[in-house]
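Take a look at the fold before turning to its side-chain contacts. The walk-through below starts with rings and ends with charges.

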Amino acid sequence: MILSLFSRKAKANEAITIALYDAIVAAARQPTLYSDFEVPDSPLGRYEMLSLHVFLFVRRIKGRTEALRSIGQEVTDEFFKDVDHSLRELGIGDTGVPKRMKKLARMFYGRIESYDKALENNDYPALVAALARNVRPDTPNWAGATPLANYVGQVVRQLEDQSDDMIATGKVTFPDAAADIASS
């Protein structure tokens, strides 16, 4: 009897995590990010957008309730499971995956640090520079960095407008990246 209660709770938590992660993935896959902002539509470019959106979500729930902290960890775990799965789909063998996962984890946490610092300090030029350095290191003066930074600002504001209770039930929305272009 008691085990069935834990099982139901675990399934509910898993459903919430999957719903949130699916919303994050959908936001990261918006065509505008790749077509108009010129993020490379490649495995690395998609990783950059997914890690950015995971960071923005986790940043929103950081320091909130214990339930949200737990959800943040579960979403982060789901992200790394997804990255691991993607590496395997790309044909990277069992021996190469751990090495690449370590590198991608270092990249993720390095980006969190630079993006978070820029956002905490309301340092828009630092955010633009960090996005350019991480998303398009191969392109000096990448024109997509500014609209992407504007979009990040929209995401931060929209996530903040959503209640903790709503997020805790597995509902989160992200702005339409194309709307930033239309309003420019």
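How many aromatic pairs does the count come to? In this predicted model, the count is seven aromatic pairs. One aromatic cluster is formed by Y47, F79, F80, F108 and Y109.

The chain has nine helices and zero strands. Its pattern along the sequence is α-α-α-α-α-α-α-α-α. The chain has 184 residues, and 42% of them count as buried.

Next, the charges. Side chains of opposite charge can pair when their charged atoms come close. The structure holds eleven salt bridges. One of them joins E48 and R111, with 2.8 Å between the closest N and O atoms. This pair links distant parts of the chain: E48 sits in helix α3 and R111 in helix α5, 63 residues apart. E48 is buried, at 2% relative accessible area. R111 is buried too, at 12%.

D116 and K62 also meet in a salt bridge, at 3.9 Å from N to O. D116 belongs to helix α5 and K62 to the loop between α3 and α4; they are 54 residues apart. Here D116 is buried at 17%, whereas K62 is exposed at 58%. Both residues belong to a network of salt bridges that links R59, K62, D116 and E120.

A further bridge pairs R64 with E160, the closest N and O atoms being 2.6 Å apart. R64 lies in the loop between α3 and α4 and E160 in helix α7, so the pair ties together parts 96 residues apart in sequence. R64 is partly exposed at 27%, and E160 is partly exposed at 42%.

Last, the surface. K99, R100, K102, K103 and R106 gather in a patch of positive charge there. R100 is found in helix α5. Its relative accessibility is 39%, so R100 counts as partly exposed.

Notes
Residues are numbered from 1 along each chain as its sequence is written. This is a predicted model: local features need pLDDT of at least 70, side-chain atom pairs count only at pLDDT 80 or more; totals for chains, interfaces and linings use all residues. Side-chain values use heavy atoms; hydrogens and water are left out. Rings of Phe, Tyr and Trp (its six-membered ring) pair if their centres lie within 6.5 Å; planes under 30 degrees apart count as stacked, over 60 as edge-to-face and the rest as tilted. Patches are made of residues with over 30% relative accessible area and no salt bridge: like charges are joined within 9 Å, nonpolar side chains (Val, Leu, Ile, Met, Phe, Trp, Tyr) within 5 Å. Accessible areas come from the Shrake-Rupley method with a 1.4 Å probe; for residues, only the protein chains shown count as cover. A salt bridge is a side-chain nitrogen of Lys or Arg within 4 Å of a carboxyl oxygen of Asp or Glu. Lys and Arg count as positive and Asp and Glu as negative; His and the chain ends are not counted. The place of a charge is taken as NZ of Lys, CZ of Arg, CG of Asp or CD of Glu. Helices (H or I, at least four residues) and strands (E, at least two) are DSSP runs, numbered from the N terminus. Buried means under 20% relative accessible area, exposed over 50%, partly exposed in between (1.4 Å probe, protein chains only).
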